[in-house]
Each structure stands twice: as C-alpha cells, then as structure tokens.
Amino acid sequence: MTDTYPAFENRWFYILVGVGIFLNATGLFPPVMELDGALYATIAKTMAQSGDFVNLYAVGTDWLDKPHFPFWIAAVSYRIFGVNTFAYKFPALLFFLGSVVYTYQFARLTYSKLVAQIATLVLLTAFHGVLSNSDVRAEPYLMPLIVGATYHFYRVFLNDRRYVLHLILGSFLTGCALMTKGCFVLIPIGAGLILHWLLTGHWNELLKLRWYVAIALSFAFTLPEIYCLYQQFDLHPEKIIFGKTGVSGVRFFFWDSQFGRFFNTGPIKGEGDKFFFVHTLLWAFLPWSLPLYVGIGKALTGLFKRRNPLPIQAGPEYVSLGSGLATFLLFSLSGFQLPHYLNIVFPFYAVLTAQFLVSLTPVALRRWTIGQTVIGLLISILAIGLLLLVQPNQVVTAVSWVVVVTVATFIVFRSANLLSLTGRMVGAMLVLACSLNLFLYPTFLTYQAGMTAAFYANEQTNLAKRPTVLYEPGSGVGGGSFWSYEFYANAPTYYARTDSTLRLQIQQGRKQVFTTGEQADALAKRGFTVHTLAVFPYFHVTQLTYDFLNPATRSRTLLPYVLTEITE
C-alpha cells in the first residue's frame with residue numbers, strides 16, 4: 001500500500017509513544033475505584049493471601065461471575081509487590097501496552113508503517129482505554145489477548161513459514177481470553193477473519209483442518225478454568241449460588257454468563273438499549289470518535305468497490321471492520337450493557353481510524369486537522385473547567401499545567417499535517433489524563449468511605465490489628481463501600497449479613513464494625529450498643545453529578561459510613 005504521506009520520523013514517533021505510555025501510567029496513582037475494581041482487587045487479595053488459586057471468594061462466600069485469569073495475574077502481582085494499588089493496576093497496564101504492540105504489528109501485516117504508527121497512537125490516547133488503566137477491570141487484559149490472537153491467526157492465514165507457532169500462540173491467547181471473559185470473545189477474534197475470507201474469496205479457509213485444530217487447542221488451553229469451576233461448584237451441588245442449589249459452574253461459564261446476559265435470562269440481568277453504544281462510543285473513543293465513524297462509513301462504502309477475490313496478501317483487510325462491527329452489534333443487541341465493553345475492540349477501531357486518516361487528500365487533511373484541533377481545545381477547556389469547579393489541592397498548579405501543555409503542543413505541532421494532528425491529540429489527552437489521575441480522582445476518591453476508613457484504622461495503634469466486621473444486611477455480593485475497606489485494611493475482615501451473624505461475630509470478640517450510618521442507627525434501635533469511633537462521608541464516585549463536583553453543594557450528596565464498636 002502506498003501512502004500520500006511519509007511515515008513519522010522515528011524520533012517523533014517514539015516521543016509521542018513515550019507520552020502516550022506516560023499518560024496511561026498516571027492511572028497507577030489513584031486508589032482502586034469502587035465498585036467493580038475494588039471487588040476484583042479483594043478477590044485477588046483473598047487468593048494471594050490464602051494460596052488458593054482454584055476457588056474464587058467474595059464477601060466471604062463462593063463467587064460465580066467472572067473467570068479466573070485476571071485474578072490469577074493480580075494475585076501473582078500481590079505475591080511480588082504486596083497487596084496495594086500498584087500491584088493491582090500494574091499488570092493490567094502491561095497487558096494494555098501489549099495490545100499497543102500487537103496493534104502495531106497487526107497493522108504492519110497489511111498497511112504501511114504510517115498507518116501502524118497512527119493506529120498505535122490512537123490506541124494509546126482513546127479516552128476509555130486510558131480510563132481503563134485507572135479504573136481497572138477485565139478489559140486491559142482482554143485487549144492484547146484478542147488482538148494478539150487475531151494477529152497470530154492472520155499470520156496463519158497468510159501462510160507464514162512459522163504458521164504452526166502462530167497457530168499455537170493464537171490458540172493460547174484465545175484460551176486466556178476465554179478464561180478472562182468467557183465464550184463471547186470468540187466473536188471479536190473470529191468474526192473479522194471470517195468476514196475477510198468471505199469478502200476476499202477465500203471462503204475455503206472455513207474447510208481447512210488447521211482452524212478446527214485452533215478451536216480445539218483454544219479450548220484445551222481453557223481447561224484450567226473448567227477444572228476450577230468444576231471443583232468449586234459442580235462437585236458441590238449443595239452450595240447456594242444465586243439463591244439456589246445445584247448450580248453448575250461449567251454450565252454458567254459456557255452458557256449463563258454469556259447467553260444468559262445476552263438474552264437477559266440469566267441470574268445477572270440488565271436493561272439493554274439498542275443505541276447505547278452508538279452514543280457511548282462518541283465519548284469513549286475521544287478524541288478519535290469522529291474519524292472512526294467516518295472511517296467505518298468509508299470502509300463499508302468500499303465494500304461495493306472491491307476486487308473479488310483478492311490475492312491473499314493484497315489490501316485492504318476486512319478483519320478490523322468485521323471484528324469491530326460484529327462486537328458492536330453483539331453488545332448493542334445484548335440485554336446487559338456497560339460503557340467499557342467495547343474497549344476490547346479498540347485496537348481494531350484504531351486501525352480503521354488510522355487507515356482513514358492516512359487516506360485523506362491534503363485539502364481534506366487540513367480540514368480534519370482544524371476539526372480535531374477544536375476537539376483538542378475543548379478537551380483542555382473541559383479539564384480547566386473541571387479543575388476550577390472541583391477545586392482540588394494544588395488547583396493553581398493543575399490549571400497552569402493544562403495551559404502550559406496546551407500552548408506547548410500548539411507551538412511544537414503548528415503545521416496542518418498528520419504529525420501535527422496526531423501530536424495535538426496526544427497533547428490533549430495528556431492534559432485530560434493528568435488532570436483526572438493526578439488532581440481530580442485523588443479528590444473524588446477520598447469519598448470512598450471504605451478506603452478512608454481502612455486507612456484510618458491502619459494508622460490507629462489501638463485499631464490497626466483488630467479484625468473488622470463489615471455489616472451489610474441482605475443477600476448476594478452487595479456493594480457500597482465495603483469492598484474498598486476489605487482491600488485496604490491490614491487486619492482481617494469478616495462479613496455479617498444478618499443480626500444473628502453479627503451477634504456471633506461479637507461473641508467471638510470481633511466488636512469493631514464498619515457499616516452505614518443508617519444501619520448503625522437501626523442496630524442501636526434493635527438493642528445493640530453502638531459506640532461510634534469515626535464517621536466517613538461516602539459518594540459513588542463512578543457516577544459523578546454536578547452537585548458532588550461543586551464543593552458548595554457536595555455535602556448534600558454524601559452519605560455517612562461509620563467505624564464503630566458494637567456490643568450486645
């Protein structure tokens with residue numbers, strides 16, 4: 001493929017990649033976020049401290065929801081670095097950076113060096129990808145596993161001389177992806193390859209034995225997950241899971257956790273909106289969402305102008321389009337949707353975006369540079385507005401940082417070319433990432449009551465070694481701010497879901513109790529003697545509101561959690 005524009009000089013490319021890595025690494029600094037991040041961190045903590053890598057436990061009971069792979073990785077990290085924020089987030093960042101490397105390599109199989117360079121920088125700076133390195137869940141792990149498996153399988157399709165090695169590596173990464181999120185990962189891995197074969201006249205690939213060997217190997221690499229689920233659940237039908245006995249962990253893995261959520265018939269339900277990801281992707285893929293949408297439209301239009309069949313190594317490739325659109329449609333039709341679900345196909349979106357930008361004529365490029373620059377300026381203005389509204393510590397330093405980086409970006413990248421367009425977007429995301437991770441989130445997360453209560457207890461000589469009972473009436477896994485207390489507390493924690501369980505804990509000498517202010521008052525009315533040790537304000541920080549952001553109205557949004565000593 002011949003481009004209108006030359007590739008970036010290595011010096012500029014490496015500088016921008018370095019900035020991209022740095023802005024993602026700022027996500028290591030904020031504490032672990034509630035709810036899901038704190039839950040996953042505590043599950044891995046229990047695994048690391050108990051040495052039990054087979055069973056998954058949450059809130060002191062068996063947990064059946066996500067597969068084991070991310071917890072294994074986090075638990076090993078805890079064994080190396082200790083149980084702390086860095087140890088939880090660092091391996092996820094490494095996996096994310098692995099997806100960046102694989103994206104570059106995948107793009108180079110079909111496209112020019114320039115497309116691969118821009119795709120790399122797009123992926124490093126897409127907003128929700130950056131956010132996933134601060135609010136860590138399963139997606140940073142899935143990204144390299146999916147794009148990596150696709151890369152290796154595409155090398156097999158190209159009849160690489162080491163195709164057996166690539167077949168094994170692709171199958172291994174697919175197996176790890178299955179052990180991270182379940183069977184649906186086969187769609188982003190396989191749909192793009194199948195679409196490419198059909199559109200380029202290579203449908204006979206579907207009949208070749210090597211792909212069925214790959215499927216068998218992928219599930220063979222998944223056997224550790226199947227073994228763990230069988231040991232924890234299938235061998236123990238007496239366990240009460242989702243309010244009933246006889247629950248099969250293996251069936252849940254292959255059916256209920258995937259198709260149950262898709263059809264909204266499983267134990268975990270949601271409310272699907274067919275257009276949810278249409279508008280979600282507009283902000284989740286900032287600052288690149290507009291060229292992505294136009295690029296996809298252009299790619300779809302190009303389907304009607306293709307030569308069919310194409311030689312095996314001729315462009316374009318339809319893997320990125322197929323994987324990106326198939327996953328988009330799957331999640332759009334699903335009954336359970338969350339904004340971060342599409343992160344796993346950001347590598348393919350990055351390639352589509354880069355391909356579109358490189359195809360622009362010089363006149364069109366100048367227009368897009370102006371348009372993207374406006375988006376970059378709006379991001380800087382948004383960052384300044386949030387800083388001035390929230391008033392974090394060192395707000396003057398933060399605002400000065402935003403202004404200096406924004407001005408410096410325009411001084412360095414002042415031309416109307418691809419390097420300047422990309423450099424300005426990297427600068428804009430550097431501003432946003434640092435504003436969020438170094439100034440805003442440290443302010444927001446002080447209102448994770450469980451975390452601040454755990455820090456308080458750890459620092460008090462008379463409290464630090466005392467076990468804490470986390471009192472959360474009800475059933476199921478729960479939520480609130482209890483998981484962050486469990487993760488950050490140095491002393492052991494125990495859960496009580498009923499008054500009788502709480503009484504049993506008290507009789508065993510565990511009188512230090514963390515609960516909501518409302519529940520503490522209710523316990524006092526039911527005859528318990530409640531002595532309040534400290535009160536901690538709480539807000540659900542992943543659901544920000546204007547009243548919370550504004551210091552003048554923040555207090556009205558807060559709920560009290562209390563660390564108490566309770567006796568009968």
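A residue counts as buried when its relative accessible area is under 20%. By that cut-off, 58% of the 568 residues in the chain are buried. The model is predicted.

Start with the overall build. The chain holds 24 helices and 7 strands. Its C-alpha trace spans about 80 × 60 × 40 Å along the principal axes. The radius of gyration is 25 Å. A compact globule of 568 residues would have a value near 24 Å, so the chain agrees with that expectation.

Next, the contacts. Take those between residues at least 6 apart in sequence. Of these, 78% join residues at least 24 apart.

The accessible surface of the chain comes to about 23200 Å². Carbon and sulfur atoms account for 64% of that surface. As for charge, the chain carries 38 positive and 27 negative side chains. The centres of these two sets lie 10 Å apart.

Finally, the cysteines. A disulfide is a covalent bond between the sulfur atoms of two cysteines. How many disulfides does a search of the whole structure find? The search finds 0. Distance explains this for C176 and C228. The cut-off for a disulfide is a pair of sulfur atoms within 2.5 Å. For C176, the closest cysteine sulfur is in C228, 13 Å away, which is too far for a bond. Seen from C228, the closest cysteine sulfur is that of C176, again at 13 Å and too far. Are these two cysteines buried or exposed? C176 has 4% relative accessibility, so it counts as buried. C228 has 5%, so C228 counts as buried too.

Technical notes: Residues are numbered from 1 along each chain as its sequence is written. This is a predicted model: local features need pLDDT of at least 70, side-chain atom pairs count only at pLDDT 80 or more; totals for chains, interfaces and linings use all residues. Side-chain values use heavy atoms; hydrogens and water are left out. Helices (H or I, at least four residues) and strands (E, at least two) are DSSP runs, numbered from the N terminus. The radius of gyration is taken over C-alpha atoms; the globule rule is 2.2 Å times the number of residues to the power 0.38. Buried means under 20% relative accessible area, exposed over 50%, partly exposed in between (1.4 Å probe, protein chains only). Contact means heavy atoms within 4.5 Å. Accessible areas come from the Shrake-Rupley method with a 1.4 Å probe; for residues, only the protein chains shown count as cover. Lys and Arg count as positive and Asp and Glu as negative; His and the chain ends are not counted. The place of a charge is taken as NZ of Lys, CZ of Arg, CG of Asp or CD of Glu.
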